[in-house]
Amino acid sequence: MSELSNLKPSLVWGIFEEITRVPRPSKHEEKIIAYLVDFALRHNLRHKVDAAGNVVIYKPATAGYEEHPAVVLQSHSDMVCEKNADTQHDFFSDPIEAYIDGQWVRARGTTLGADCGIGMAAALAVLVDDTLAHPAIEALFTVDEETGLTGAFNLAPDMLSGKYLLNLD
């Protein structure tokens, strides 16, 4: 377990740590899509993947909130892939090496992928936190935000029913 496991809220940071292990360059989101589908399956949550590669994971409303409009929590699944000149790193296969530097979470020699890895982690934490009272949740993870918004522009029309959308980017 890395030092990120000591951060609070631990559920969000634990999921973010998992995400840092999944390569997700723009236009090559296959591995993060598989992670999201597996996450939904592990937590018995319904999900859809559209032709563009966007993923939506659905969580039903808690008792007493069934009549409230659904809320969409949106983030993107790709990341900026930059590294220092002296760093050996393959963004198609290597995990990000995250660490705590004082008050900051950083990556060794590469971008951290917190844009929008932390948004993904927050949405996934909401999906699995059974202590929250909420309306229906639709967690939307779009592809290729960093190089063209391909996922957002090609979102299948049947993916969402939520009235409110919160962008977690």
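How many aromatic pairs does the structure contain by the ring-centre rule? The count comes to 2 aromatic pairs, where rings of Phe, Tyr and Trp (its six-membered ring) pair if their centres lie within 6.5 Å. Planes under 30 degrees apart count as stacked, over 60 as edge-to-face and the rest as tilted.

The model is predicted, so local features need pLDDT of at least 70 and side-chain atom pairs pLDDT 80 or more, whereas totals for chains, interfaces and linings use all residues. Residues are numbered from 1 along each chain as its sequence is written, and side-chain values use heavy atoms, with hydrogens and water left out.

**Aromatic pairs**

Select W13 and F16, which form an edge-to-face pair, 5.6 Å centre to centre with 85° between the planes. Both residues lie in helix α1, 3 residues apart, about one turn of the helix. Helices (H or I, at least four residues) and strands (E, at least two) are DSSP runs, numbered from the N terminus. W13 and F16 are both buried; buried means under 20% relative accessible area, exposed over 50%, and partly exposed in between (1.4 Å probe, protein chains only).

**The nonpolar core**

Display the largest nonpolar core, which has 37 residues. Such a core is a set of buried Ala, Val, Leu, Ile, Met, Phe, Trp, Tyr and Cys residues joined through side-chain atoms within 4.5 Å. The residues with the most contacts inside it are I15, I19, Y35, I57, L124 and F141. At least two core residues come from each of α1 (10–20), α2 (30–42), β2 (55–59), β3 (71–76), β5 (104–107), α3 (114–128) and β6 (137–142). Centre the view on I15: beyond residues up to four places away in sequence, I15 touches Y35, F39, A121, L124, A125 and V128, a contact being heavy atoms within 4.5 Å.

**Charges over rings**

Select R46 with Y58: the charged end of R46 sits over the ring of Y58, 3.9 Å from its centre. A charge sits over a ring if NZ of Lys or CZ of Arg is within 6 Å of the ring centre and within 35 degrees of the ring normal. R108 and Y99 show this arrangement too, with the charged end of R108 4.0 Å from the ring centre of Y99.

**Strand β4**

I100 is found in strand β4 (residues 98–101). I100 and E3 are 97 residues apart in sequence, yet 6.9 Å apart in space, C-alpha to C-alpha. Apart from neighbours within four places in sequence, I100 is in contact with E3, L4 and L7.

**Salt bridges**

The whole structure holds 5 salt bridges, each a side-chain nitrogen of Lys or Arg within 4 Å of a carboxyl oxygen of Asp or Glu. Select D144 and K27, whose closest N and O atoms are 2.7 Å apart. Why does the pair tie together parts that are 117 residues apart in sequence? D144 lies in the loop between β6 and α4 (150–153), and K27 lies in the loop between α1 and α2. D144 counts as buried because its relative accessibility is 3%.

Move to E17 and R21, which meet at 3.4 Å, N to O. E17 is buried at 6% relative accessibility, whereas R21 is partly exposed at 47%.

Finish at R42 and D38, another salt bridge (2.9 Å, N to O). Both lie in helix α2, 4 residues apart.
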